[in-house]
Amino acid sequence: MSVAFPPAARIAPGRGDDREADLLARTWASPPGIRGWFTTVHHRTIGLRYIATALVFFTAGGVEALLMRLQLARPENALLGPQAYNRLFTLHGNTMMFLFAVPIMEGLAIYLVPLMIGTRNVAFPRLNAYGYYAYLIGGLLLYGALPFGGASDVGWFSYVPLATLTYSPGKGVDVWTQMIYFTELSALVVAVELIVTIFKLRAPGMSLDRMPLFVWSMLVMSVMIVFAMPAIIVATTFLPLDRMVETRFFDVAAGADPLLWQHLFWFFGHPEVYIVFVPALGIVSSIVVAFAGRPIVGYTAMVFAVVATGFLGFGLWVHHMFATGLPQLGMSFFTAASMMIAIPSGIQIFCWIATLWAGRPRLRTPLLFVLGFVSLFVVGGLTGVMLASAPLDLQVHDTFFVVGHFHYTLIGGAVFPLFAAFYYWFPKVTGRRLGEGLGRWNFWLLFIGFNATFFPMHLLGLQGMPRRVYTYSAELGWGSLNLVATGGALLLAAGLLLFLVNVAWSVRRGAIAGDNPWEADTLEWATASPPPAYNLRRIPVVTSRYPLWAANGASGNVEGLRIDRREVLVTTPLDAEPDHRALLPGPSAWPLALGAATGVGFIGAILSPVWALIGAGLAFVALVGWFWPRPEPGRDRREAVP
C-alpha cells in the first residue's frame with residue numbers, strides 16, 4: 001500500500017524522546033532466541049551472516065591453497081597424488097569464486113547500503129533472507145558431498161568435453177552444477193533487492209549525484225550480476241541435461257561445439273572478476289575520503305569510471321579464449337577492448353592519489369591496506385594488459401604467469417580492500433576498534449607473504465611451468481622459486497591467523513569506538529555503534545555528498561512515518577524526492593522453508609530428475625505460506641504485502 005505525503009508534513013526539524021526510541025526498537029527488532037535466529041529478516045543480521053559464512057569458506061579455501069603450495073614446494077613431492085591435487089584446486093577455485101568473493105561483497109552491501117542511504121531495511125527483507133539460505137545450502141552441498149564421492153576434479157570452469165559423463169563419471173560435476181544454481185540464485189536475489197533499495201529507498205535529497213561512491217559501486221555490481229549470471233545458469237542447465245537425460249548441447253559427434261561452453265562460461269566468468277573488483281573500488285573510495293579528510297577529487301569522473309569498468313567488463317570475455325583458434329580479426333578486436341579497461345582503472349587510481357595528496361592523510365591500518373591495494377593492483381593491471389595482447393597470451397597461456405596475474409588482481413584488487421573494510425567498519429558493527437598494532441603486523445605479514453607467494457609465479461610462467469600440474473621434475477629448475485612461493489604462502493597464513501586473533505581479542509577488549517571514530521562523512525556514522533534495530537532514529541534530509549561534514553549536509557528529518565509498524569519512505573529514483581510510504585514485512589520462517597524446498601529439488605535432482613518436481617511442489621507450498629495475507633501488529637489486513 002502506498003500513502004501520499006502531505007507536503008507540509010513531509011519534512012520537519014528532528015526531535016524525539018526515549019519512548020519513541022523504545023517503540024521503534026520493538027517494531028524493528030527480530031524475535032528473541034531461536035525463533036529469531038530462523039525468522040529474522042533484518043538486513044544487518046543477514047549481512048553479517050553472509051560475511052561470517054564467506055569467511056569460513058575463505059578459511060577452507062586458504063587451507064586448500066596451502067596444501068597445494070606444500071605439494072609444489074619441491075620437485076617430485078609425494079604429499080598429494082594427482083587426483084587429490086586436481087580435486088583440491090577445483091575445490092579451491094569453486095570456494096574462492098562462488099562461496100567467498102561474491103557473497104562477502106554482497107554481505108557488506110546488505111549490511112551497509114541501507115545505513116548509507118538512510119533507510120531501515122532493504123526493499124525485500126524476506127527475499128533477502130531467502131537469498132542467504134540458498135547460498136548456505138549451496139556451500140554445504142559442495143563440502144557435504146565430498147565424503148560421498150561428490151568431489152569434482154575438472155577445475156572451477158568445468159570445461160567440456162572434460163566435464164561430460166564420458167570423461168567425468170560419478171556425481172562430482174553434477175554437484176558442481178547444482179552448487180552453481182544455489183549461489184547464482186542467491187546472487188541474483190541480492191542484486192535485485194540492492195538495485196530496488198538504492199533506487200527507491202534513499203533518504204530525501206540524496207540524488208544520484210550525491211550518492212556515496214560505495215553505493216555507486218554496489219549498484220554497478222548488482223547490475224552486472226543481473227546481466228552476467230544468466231549466462232552461467234544457462235550453461236549449467238545444458239551440462240546436467242547432457243549428463244542426465246542425454247541431450248546433445250556439447251556433443252561434437254552430434255554436431256555441437258564445445259566452444260559454446262567457453263563462450264557461455266566466460267561471458268559470466270570475466271564480468272565475475274569485476275563483480276568482485278568493483279565493490280572494492282567503493283570501499284577504497286570511502287576510506288580514502290575519510291582518512292584524507294576531504295572530498296574525493298573528481299567525483300563525477302569516479303562515477304563514470306566505475307560505470308565504464310562494469311560496462312567494459314562484459315566486452316572482454318573472448319580474451320580468455322585466444323588459444324582456441326579464433327579468427328585474427330576477432331582476436332585483434334578483443335585485444336583492443338581488453339586494453340581499454342586500463343583507462344577507467346587509471347582514472348580512479350589518479351583520483352585517489354590526488355585526494356590523498358590534497359588532504360591531510362592519517363596513516364591508520366585501513367589506509368595502509370588501501371595503499372597496499374593500489375601497489376598490488378597496478379602490478380595485476382599491468383600483467384593484465386600484457387595478457388590482453390594475443391601474441392604474448394599465446395606464449396604464456398595456461399602457465400603460472402596467468403596464475404600470478406589473476407591472484408594479483410583478485411587478492412590484491414579485492415581481498416586487500418576487504419581487509420581495509422574490516423578495519424574501517426569493525427567499530428560500526430561491534431562498537432569497538434580492532435587493535436592498531438596487531439593490524440599493522442597483520443598488514444605487513446599479508447603484504448610480504450602475498451608478494452613472496454605470487455610474484456615468483458610470473459617468473460615460473462615465463463620459464464614455462466604449466467598451471468594445474470601436481471609435480472615437476474628437478475631438472476626443470478623450478479624448485480627454488482616454488483619453495484619461495486610456498487614460504488610466502490605460510491606467511492600469508494600467519495597473517496590471516498593474526499587477523500582472527502585481533503578480531504577475537506578486540507570484540508571484547510578493543511577500545512570503545514564511539515559513533516564516528518574516523519570522523520567520516522557518510523550516514524552510517526550518524527547513528528550509534530553498533531546501530532539500533534531501526535538504524536537511524538529519524539530519516540535525514542540530505543543536502544550534500546558529505547552529509548556529516550557539511551554544515552547543512554542534513555538540514556532536517558522526515559516526519560510522518562509511523563513508528564509502530566515497519567514503514568519506510570519511498571523516494572523517486574533520480575532526485576530522491578519523497579514519494580510515498582511503504583510497509584515492509586516482518587520476521588517469517590517462510591524464507592527458510594522455501595530455501596529447504598529449493599534444496600530438496602536441486603540436491604535431489606543429482607540423483608533423479610523426479611526430485612526436481614518434488615522440490616517444485618514443496619516450493620509452491622512455501623510460497624503460498626509466504627504470500628498468505630495475515631495481520632501484523634500495527635498493520636491493517638488490507639495492507640499485507642509480501
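Guide: First, one term. A residue is buried if its relative accessible area is under 20%, exposed if it is over 50%, and partly exposed in between. The model is a predicted one. Now take two rings. Phe-419 is buried. Phe-499 is buried too.

These two belong to a group. One aromatic cluster takes in Phe-369, Tyr-408, Phe-416, Phe-419, Phe-422, Tyr-423, Phe-443, Trp-444, Phe-447, Phe-450, Phe-454 and Phe-499.

Phe-98 has a relative accessibility of 2%, so it counts as buried. Phe-268 has 0%, so it counts as buried as well.

Back to Phe-419 and Phe-499. Their pair is edge-to-face. The centres are 4.8 Å apart, with 75° between the planes. Phe-419 is part of helix H15 (residues 400-430), while Phe-499 is part of helix H17 (residues 479-509). The pair therefore ties together parts that lie 80 residues apart in sequence.

Stay with H15 and look at a packing partner. Two packed helices are described by the angle between their axes and the distance between the axes. Helix H4 (residues 43-72) packs with H15 at an angle of about 145°. Their axes are 14 Å apart. The crossing of H4 and H15 is left-handed. On the H4 side, the contact is made by Leu-48, Ile-51, Leu-55, Phe-58, Arg-69 and Leu-72. On the H15 side, it is made by Phe-400, Val-415, Phe-422 and Val-429. Phe-422 is also a member of the aromatic cluster.

Asp-398 is not a glycine, yet its phi is positive, about 60°. With a relative accessible area of 29%, Asp-398 is partly exposed. Glu-246 also has a positive phi without being a glycine, near 60°. Glu-246 lies in the loop between helix H8 (213-244) and H9. Its relative accessibility is 59%, so Glu-246 counts as exposed.

H14 leads on to another helix. Helix H11 (residues 328-340) has buried residues, and their cover includes helix H13 (365-388) and helix H14 (390-396). Which residues of H11 are buried? They are Met-331, Phe-334, Thr-335, Ala-337 and Ser-338. H11 has 13 residues and spans 19 Å from first C-alpha to last, close to the expected 18 Å.

Some rings meet charges. The charged end of Arg-433 sits over the ring of Trp-518, 5.1 Å from its centre. The charged end of Arg-545 sits over the ring of Tyr-299, 3.9 Å from its centre.

At 1% relative accessibility, Asn-94 counts as buried. Leaving out residues up to four places away in sequence, Asn-94 touches Leu-99, Leu-142, Trp-156, Trp-176 and Met-179.

Next, helix H7 (residues 172-200). H7 has 29 residues and reaches 42 Å, close to the 42 Å expected. H7 is mostly covered, with 23 of its 29 residues buried. The loop between helix H6 (125-144) and H7 holds Pro-161. A cis peptide bond joins Val-160 to Pro-161, with omega at about 10°.

A cis bond also joins Ser-529 and Pro-530, where omega is about -5°. Pro-530 is in the loop between H17 and strand S3 (540-542).

Conventions
Residues are numbered from 1 along each chain as its sequence is written. This is a predicted model: local features need pLDDT of at least 70, side-chain atom pairs count only at pLDDT 80 or more; totals for chains, interfaces and linings use all residues. Side-chain values use heavy atoms; hydrogens and water are left out. Buried means under 20% relative accessible area, exposed over 50%, partly exposed in between (1.4 Å probe, protein chains only). Rings of Phe, Tyr and Trp (its six-membered ring) pair if their centres lie within 6.5 Å; planes under 30 degrees apart count as stacked, over 60 as edge-to-face and the rest as tilted. Helices (H or I, at least four residues) and strands (E, at least two) are DSSP runs, numbered from the N terminus. A charge sits over a ring if NZ of Lys or CZ of Arg is within 6 Å of the ring centre and within 35 degrees of the ring normal. The expected span of a helix is 1.5 Å times one less than its number of residues. Contact means heavy atoms within 4.5 Å. Axes are lines fitted to C-alpha atoms, for helices over the stretch in contact, and angles run from 0 to 180 degrees between N-to-C directions. A crossing is left-handed if the near helix is turned anticlockwise from the far one by less than a right angle, and right-handed if clockwise.
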